[in-house]
Amino acid sequence: PASIHLATAVENLYSVIFREVKLQKALERVRDRFDYVILDSGPNLGVLSINAIVAADKILIPTRLSMYSLDGLNALLNTIGKVKQDPDGYDWRIVLTMVKGYGKERQAAAWNILAPIADRILASQIRETEAVEKSQMNEDDG
């Protein structure tokens, strides 16, 4: 989990040459010890997220059917396209999250925006009621 140490590592990365490939190089050293490595990065395009994109050969993008999320998805896909210059060198898919059973008009508008990449959207969806809420996690921890 993130901590102050992660923030310090991020600060240190900004002054490093070829900082975007540091995670990829670290993972190459341990590749034979793992079948899979799952990288969970924050919803931003900072140095850690770029490192994760560079290192990944498959990318799963959780996305909500909201205009803000779709704008963010567009920015992310543009960044992935720039970082991953070889379109065959990686695979990406979208999993819809926080899907509600109402608001069909707004969802229809979102689906129209997503139509050009519909083949990249997984059939499985995470409904809003299935998501683990932060308040529930804190109650279980304490």
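Student: At what angle do helix H2 and helix H3 pack?

Tutor: In this predicted model, helix H2 (residues 22-30) and helix H3 (residues 47-55) pack at an angle of about 45 degrees, and their axes are 7 Å apart. Angles from 65 to 115 degrees count as roughly perpendicular and those under 35 as roughly parallel; H2 and H3 are therefore oblique to each other. The crossing of H2 past H3 is right-handed.

Student: Which residues make the contact?

Tutor: H2 contributes Lys 22, Leu 23, Gln 24 and Leu 27, while H3 contributes Asn 51, Ala 52, Val 54 and Ala 55. Sorted by class, that contact has 5 nonpolar, 2 polar and 1 charged residues.

Student: Where should I look for the largest nonpolar core, and which residues have the most contacts inside it?

Tutor: The general idea comes first. In soluble globular proteins, nonpolar side chains tend to be buried together. Here the largest nonpolar core has 20 residues, and Ile 59, Ile 61, Ile 94 and Leu 114 have the most contacts inside it. At least two residues of this core come from each of H3, strand S1 (58-63), H4, strand S2 (91-99) and helix H5 (104-114).

Student: What does Ile 94 touch?

Tutor: Leaving out residues up to four places away in sequence, Ile 94 touches Leu 60, Ile 61, Thr 63, Leu 73, Ile 117, Arg 120, Ile 121 and Leu 122.

Student: And Thr 79: buried or exposed?

Tutor: Buried means under 20% relative accessible area, so Thr 79, at 16%, counts as buried. Thr 79 lies in helix H4 (residues 67-83). Beyond its neighbours within four places in sequence, Thr 79 is in contact with Leu 45, Ile 50 and Ile 53.

Definitions and conventions:
Residues are numbered from 1 along each chain as its sequence is written. This is a predicted model: local features need pLDDT of at least 70, side-chain atom pairs count only at pLDDT 80 or more; totals for chains, interfaces and linings use all residues. Side-chain values use heavy atoms; hydrogens and water are left out. Helices (H or I, at least four residues) and strands (E, at least two) are DSSP runs, numbered from the N terminus. Buried means under 20% relative accessible area, exposed over 50%, partly exposed in between (1.4 Å probe, protein chains only). Contact means heavy atoms within 4.5 Å. Axes are lines fitted to C-alpha atoms, for helices over the stretch in contact, and angles run from 0 to 180 degrees between N-to-C directions. Angles under 35 degrees count as roughly parallel, over 145 as roughly antiparallel, 65 to 115 as roughly perpendicular and the rest as oblique. A crossing is left-handed if the near helix is turned anticlockwise from the far one by less than a right angle, and right-handed if clockwise. Ala, Val, Leu, Ile, Met, Phe, Trp, Tyr, Cys and Pro count as nonpolar, Asp, Glu, Lys and Arg as charged, and the others, Gly among them, as polar. A nonpolar core is a set of buried Ala, Val, Leu, Ile, Met, Phe, Trp, Tyr and Cys residues joined through side-chain atoms within 4.5 Å.
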